[in-house]
Amino acid sequence: MRDWVEARVVGKHRWNEGLYSLRFEAPIADFVAGQYIKVALDIQGERVGRPYSLVNAPGEQPIEIFFNEVPQGPLTPPLSALNPGDRVWVTATASGIFTLETVQPTRDLWMLATGTGLGVYLSILRSPDPWRLFERVVLVHGVRQGADLAYGETLAAIANSHPGRFTRVAAVSREPWPQALPGRITDLLTSGELERHLGLTIAPATSHVMLCGNSAMIKDVQEILEARGLVRHRRQAPGHYTTEQYH
Ligand SMILES: Cc1cc2nc3c(=O)[nH]c(=O)nc-3n(C[C@H](O)[C@H](O)[C@H](O)COP(=O)(O)OP(=O)(O)OC[C@H]3O[C@@H](n4cnc5c(N)ncnc54)[C@H](O)[C@@H]3O)c2cc1C
């Protein structure tokens, strides 16, 4: 049996068509930045739960998730329809190892996200971990449309809190967008445009890379990294990159 506890929706933000953040008041246990909880609704007599990364920093209430509606999915359409005051189930204990807990300090941390994969990094960026372990932190957020570039103000506040140490790059693949690089993260890495833009290079001696989001980006970037000599980080065998696949 999962440790389900009842949570109350206390906030909702719609960023774009089908793109939402929900905030819950929920009695969950302490967690490590980078972990996820399960969120569930009882649908036609069955509890339907899915994992969602926590966006809030450890110790913060309310807790928050960032998700997109998958029209054919069982959970996200009713999840998108929730409003403040509604109830959901959440797991009281967070899980997951997409954290910086066992990562070795090095010069640069690269956080690459597609779509709602951004959320997990907001929790990590609002924790002390990245600032203790790395000199520079780069967040690359890949989306199809510019309107999906959520949490701009939060990211600007993080940049202000860590002057000269944090850079956020937006990559928009389906339309030109001001101040964004055009194209997919994978193509920007292959062409060298991303690293030229930043004046930084991903290399085993200086980089730890986190990949979060869709399986195509993760698979393609993993190949690029391995061709450059970066290896997957494991608790027992420290390496250079970690992944969290949402779908
Ligand atoms: C560890 C982990 C953490 C996750 N954290 C998040 C998160 O923070 N935010 C988030 O949005 N999702 C996250 N996901 C995905 C999430 O759990 C659900 O799968 C997703 O929200 C769709 O739920 P659903 O019940 O509507 O459809 P599902 O039955 O889960 O999926 C239906 C179909 O849609 C595909 N799919 C799943 N997610 C997406 C998506 N985002 N875009 C397009 N297609 C998709 C699935 O592969 C499947 O083919 C996470 C997944 C994992 C494994």
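**Domain arrangement, interface and ligand surroundings**

In this predicted model, the centres of domain 1 and domain 2, taken over C-alpha atoms, are separated by 24 Å. The protein chain is divided so that domain 1 covers residues 4–91, while domain 2 covers residues 108–245. Contact between the two involves 19 residues of domain 1 and 16 residues of domain 2.

The size of an interface is often given as the accessible area lost when the parts come together. For domain 1 and domain 2, the area buried between them is about 1400 Å², and carbon and sulfur atoms account for 58% of this area. Of the area that domain 1 buries against domain 2, 37% is supplied by Trp15, Val55 and Phe66, which is more than any other three residues provide. Polar interactions were also examined across this interface: six residue pairs, with both residues at pLDDT 80 or more, are in polar contact between domain 1 and domain 2, whereas zero salt bridges are found there.

The side of domain 1 that touches domain 2 draws at least two residues from each of the strands β1 (4–16), β2 (19–25) and β5 (63–68). The largest share of this side comes from β5, with five residues. When the residues on this side of domain 1 are sorted by class, 12 are nonpolar, six are polar and one is charged.

The ligand has 18 residues around it, of which Arg50, Pro51, Tyr52, Asn68 and Thr76 come nearest. Individual polar atom pairs can be described for several residues. A polar side-chain atom of Arg50 is placed 2.8 Å from an oxygen atom of the ligand, and a polar side-chain atom of Thr116 lies 2.9 Å from an oxygen atom of the ligand.

Two features of the backbone remain to be described. Most residues other than glycine have a negative phi, and most peptide bonds are trans. The peptide bond that joins Gln61 and Pro62, however, is cis, with omega at about -5 degrees, and Pro62 is found in the loop between β4 (46–53) and β5. Tyr151, although not a glycine, has a positive phi of about 60 degrees, and its place is in the loop that lies between β8 (136–143) and α4 (152–161).

Terms used. Residues numbered from 1 in each chain as written. Predicted model: local features only at pLDDT ≥ 70, side-chain atom pairs only at ≥ 80, totals over all residues. Heavy atoms only, no water. Domains from an automatic or database assignment. Contact = heavy atoms within 4.5 Å. Buried area = accessible area lost by both parts, 1.4 Å probe. Salt bridge = Lys/Arg side-chain N within 4 Å of Asp/Glu carboxyl O. Polar contact = N/O pair within 3.5 Å; in protein donor to acceptor, adjacent residues only side chain to side chain. Helix = DSSP H or I, 4+ residues; strand = E, 2+ residues; numbered from the N terminus. Nonpolar A, V, L, I, M, F, W, Y, C, P; charged D, E, K, R; others polar. Near = heavy atom within 4 Å.
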